[in-house]
Amino acid sequence: MVHADDKRIEYRVVGDFPVKAHTGSIEFVPQENATLVSYRIRCRAPWYIPRWLLQRLLQNDVEQCLNRLGARFDSR
């Protein structure tokens, strides 16, 4: 973890597998009765994975994780 406060978390993954230079930031934006979570990942894809495919895989993984997390804390 590089930085953390009540508005954002920044991290860096040590190691080069499955991607290189992996860093990320998670931002929390309060809304009326919820919190908007923004998750940005930066990395270099290995030569054998096309960039568009890696983006799609990471996006799907992050969406699933955030949906599960949101469902766990949903009070409706």
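**View 1. A21 is found in strand β3, in a predicted model.** Strands here are DSSP runs of E with at least two residues, helices are runs of H or I with at least four residues, and both are numbered from the N terminus. Phi of A21 is near 55 degrees, a positive value in a residue other than glycine. Most residues other than glycine have a negative phi, and most peptide bonds are trans. A21 counts as partly exposed, at 43% relative accessibility. Buried means under 20% relative accessible area, exposed means over 50%, and partly exposed lies in between (1.4 Å probe, protein chains only).

Residues are numbered from 1 along each chain as its sequence is written. Local features need pLDDT of at least 70, side-chain atom pairs count only at pLDDT 80 or more, totals for chains, interfaces and linings use all residues, and side-chain values use heavy atoms, with hydrogens and water left out.

**View 2. S25 sits in strand β3, which spans residues 20–30.** S25 is buried, with a relative accessible area of 10%. Which residues touch S25, leaving aside its neighbours within four places in sequence? They are I9, E10, Y11, S38, Y39, R40 and R42. Contact means heavy atoms within 4.5 Å.

**View 3. Four strands make an open sheet, in the order β1-β2-β3-β4.** The pairing is antiparallel. The edge strands are β1 and β4, each pairing on one side only. Two strands pair if DSSP finds at least two bridges between them. Strands of a sheet pair through backbone hydrogen bonds, either parallel or antiparallel.

**View 4. Strands β1 and β2 form a hairpin.** 3 residues lie between the two strands. Strand β1 covers residues 3–4 and strand β2 covers residues 8–12. The two run antiparallel and are joined by 2 bridges. A4 has I9 of β2 as its bridge partner.

**View 5. Strand β2 also pairs with β3.** These strands run antiparallel, with 5 bridges joining them. R12 stands opposite T23 in β3.

**View 6. The structure holds 1 salt bridge.** The side chains that meet are those of E10 and R8, at 2.6 Å from N to O. A salt bridge is a side-chain nitrogen of Lys or Arg within 4 Å of a carboxyl oxygen of Asp or Glu. E10 is partly exposed, with a relative accessible area of 26%. R8 is partly exposed too, with a relative accessible area of 29%.

**View 7. A cis peptide bond joins F17 and P18.** Omega is about 0 degrees. P18 has its place in the loop between β2 and β3.

**View 8. F17, W47 and Y48 form a nonpolar patch on the surface.** Together the three have about 520 Å² of accessible area. Accessible areas come from the Shrake-Rupley method with a 1.4 Å probe; for residues, only the protein chains shown count as cover. Patches are made of residues with over 30% relative accessible area and no salt bridge; like charges are joined within 9 Å, and nonpolar side chains (Val, Leu, Ile, Met, Phe, Trp, Tyr) within 5 Å. Y48 is found in the loop between β4 (35–44) and α1. Y48 is partly exposed, with a relative accessible area of 46%.

**View 9. N67 lies in helix α1, residues 51–73.** Is N67 buried or exposed? N67 is exposed, with a relative accessible area of 57%. N67 and Y48 are 19 residues apart along the chain. Their C-alpha atoms are separated by 29 Å.

**View 10. The count of disulfides comes to 0.** C43 is in no disulfide, and the nearest cysteine sulfur, that of C65, is 15 Å away. C65 is likewise in no disulfide, with the sulfur of C43 as its nearest cysteine sulfur. A disulfide is a pair of cysteine sulfur atoms within 2.5 Å. C43 is partly exposed, with a relative accessible area of 26%. C65 counts as partly exposed at 46% relative accessibility.
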